[in-house]
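Please look through this model with me.

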Amino acid sequence: MSRFSDRLYESTQSIWNQCHEHPFLVELREGTLDPERFIFYLKQDYVYLIDYAKLFAIASMKSRDLETMTKFAELLHSTLHVEMSLHRDYAARFGVTREQLEQTVPSPTTIAYTKFLLDTAAQGSLAEVVAALLPCMWSYREIGVAYAKIPGALDHPLYREWILMYSSDEFGVLTDWTIDIMNRLAEGLPESELARLEERFLVASKLEYMFWDMSYRKEEWPI
């Protein structure tokens, strides 16, 4: 029997494939990506993570059982105290200070993405929250695992750490748990609600592509 996550995965393959072949990620795996583009990405990703963490807080609040509530609270704590700390340490290796990270002005695409996530979290069900936050985790895991297998992709002294982070067993376990909760929440829902979850997943996947593109172009406000 197919799971709802299988449907989500199939619906976004063309989008995720385009992410894999975007110049930002192609050059990252080849070790030729301009460090200034990666620094731009690190800064925007930092301010993105601040709002992304809020999704876990809202998901914890919307959970109907203690186990799920606790897990999302743990994800919130891990994002704020582990992932963001690692992000700061990693950025420092590119010469970016914590102050620079925290003074980053969100780009138009970053604002569009985080507004979509927070609007979904504020107005939607727990299932909608998970459908919106899942593409970030799942697509990063897929990119990391795929790139870790490419000869030469781990040769770059700095980009290799990014690939290893998202191909790690720890990140894989976190992603699998989120996929499983997506399937549990979708179980028994009518098609109209499943279609809405799929729409949330698709929009977030498109915004993932836009985030890579924004980083490559080092998108700024036009005015």
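Asp119 forms a salt bridge with Lys115, with 2.9 Å between the closest N and O atoms. A salt bridge here is a side-chain nitrogen of Lys or Arg within 4 Å of a carboxyl oxygen of Asp or Glu. Asp119 and Lys115 sit four residues apart in helix α7, so about one helical turn separates them. Helices are DSSP runs of H or I with at least four residues, numbered from the N terminus. Asp119 is partly exposed, at 30% relative accessible area. Buried means under 20% relative accessible area, exposed over 50%, and partly exposed in between (1.4 Å probe, protein chains only).

This is a predicted model: local features need pLDDT of at least 70, side-chain atom pairs count only at pLDDT 80 or more, and totals for chains, interfaces and linings use all residues. Residues are numbered from 1 along each chain as its sequence is written, and side-chain values use heavy atoms, leaving out hydrogens and water.

The count comes to 13 salt bridges.

| Pair | Closest N and O atoms |
|---|---|
| Asp119 and Lys115 | 2.9 Å |
| Arg7 and Glu198 | 2.9 Å |
| Asp180 and Arg3 | 3.5 Å |

Asp180 lies in helix α10 and Arg3 in the segment before α1 (4-11), so this pair ties together parts 177 residues apart in sequence. Asp180 is partly exposed at 33%. Arg3 is partly exposed too, at 42%.

Arg7 forms its salt bridge with Glu198. That pair links helix α1 to helix α11, 191 residues apart. Arg7 is partly exposed at 26%, while Glu198 is buried at 17%. Salt bridges also link Arg7, Glu191 and Glu198 in a network.

Next, helix α9. Tyr159, Trp162, Ile163 and Tyr166 are buried in this helix, which spans residues 159-167. Seen down the axis, the buried residues fall within an arc of 95°, so they line one face of α9. The arc is taken from the directions from the helix axis to the C-beta atoms.

How many disulfides does the structure hold? The search finds zero. The cut-off is a pair of cysteine sulfur atoms within 2.5 Å. The sulfur of Cys19 is 11 Å from the closest cysteine sulfur, in Cys136, which is too far for a bond. Cys19 is buried at 4% relative accessibility, and Cys136 is buried at 10%.

Finally, the surface. Val105 lies in the loop between α6 (98-102) and α7 (108-123). Val105 counts as exposed, at 56% relative accessibility.

Definitions and conventions. Helices (H or I, at least four residues) and strands (E, at least two) are DSSP runs, numbered from the N terminus.
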